[in-house]
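Please keep the sequence and the 3D view open as you read.

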Amino acid sequence: ALRWRLMVAKASGKANLTTVLLASWICPGAGHLLLGQRFRAALNCVAVGGLFWLGLALHAYFVFPSTPGETFALFKFLGALASGGHYFVAYILQLGMGDLDVFRAALTNEIGNTCLYTAGILNVLVLVDAWDLHSGRKK
């Protein structure tokens, strides 16, 4: 049933707001695609995904709220989690995890972490944009 809802918009021509926001969080740009905004969908997908995976390529690492010695660990966790489906794929593949001292020793890890958290923040902005489009405040 959920699959059908994602694929077919309501008779009014608009998808359900919850469906749009959930789809947009899981796969950045999917909410825009449901709203008929193909260019924005592609741009958001490439921007968020590119930043996220570039961050991991530059030795970014994931922290969890219980990570010892990490300042603002909860906010870093939420920033990475905001990337949606990318976070879960990386988690399943165990990317960005392991001995944090190895990641911290890499020269590019700060830039990588910045890319990783920026991807999450950008995805939140993508959600807000999809919400605005759905509500008619934006065209």
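This is a predicted model: local features need pLDDT of at least 70, side-chain atom pairs count only at pLDDT 80 or more; totals for chains, interfaces and linings use all residues.

The points below cover a helix pair, a loop glycine and a group of aromatic rings.

1. The crossing of α4 past α8 is left-handed.

2. Which residues in α4 meet α8? From α4 come Arg40, Asn44, Ala47, Val48, Leu51, Phe52, Leu54, Gly55 and Leu56. On the α8 side they meet Gly112, Cys115, Leu116, Thr118, Ala119, Leu122, Asn123, Val126, Asp129 and Leu133. Sorted by class, this contact has 12 nonpolar, five polar and two charged residues.

3. Next, please look at Gly96, in the loop between α6 (85–92) and α7 (100–105). Is Gly96 buried or exposed? Its relative accessibility is 8%, and residues under 20% count as buried, so Gly96 is buried. Leaving aside residues up to four places away in sequence, Gly96 touches Leu56, Ala60, Tyr61, Phe62 and Phe103. Leu56 is also one of the α4 residues that meet α8.

4. Now for the aromatic rings, where the count comes to 11 aromatic pairs. One of them joins Phe52 and Trp53: the ring centres are 5.1 Å apart and the planes stand at 80°, so this pair is edge-to-face. Phe52 has a relative accessible area of 0% and is buried, whereas Trp53, at 30%, is partly exposed. Phe52 also belongs to the α4 residues that meet α8.

5. Another pair is Phe64 with Phe77. Here the ring centres are 6.0 Å apart and the planes are at 45°, so the pair is tilted. Phe64 sits in the loop between α4 and α5 (73–81), while Phe77 is in helix α5, so the pair ties together parts that are 13 residues apart in sequence. Phe64 is partly exposed, with a relative accessible area of 26%; Phe77, at 18%, is buried.

6. Finally, which residues form one aromatic cluster? They are Trp25, Phe52, Trp53, Phe62, Phe64, Phe77, Tyr87, Phe88 and Tyr91. Phe62, from this cluster, also touches Gly96.

Key
Residues are numbered from 1 along each chain as its sequence is written. Side-chain values use heavy atoms; hydrogens and water are left out. A crossing is left-handed if the near helix is turned anticlockwise from the far one by less than a right angle, and right-handed if clockwise. Helices (H or I, at least four residues) and strands (E, at least two) are DSSP runs, numbered from the N terminus. Contact means heavy atoms within 4.5 Å. Ala, Val, Leu, Ile, Met, Phe, Trp, Tyr, Cys and Pro count as nonpolar, Asp, Glu, Lys and Arg as charged, and the others, Gly among them, as polar. Buried means under 20% relative accessible area, exposed over 50%, partly exposed in between (1.4 Å probe, protein chains only). Rings of Phe, Tyr and Trp (its six-membered ring) pair if their centres lie within 6.5 Å; planes under 30 degrees apart count as stacked, over 60 as edge-to-face and the rest as tilted.
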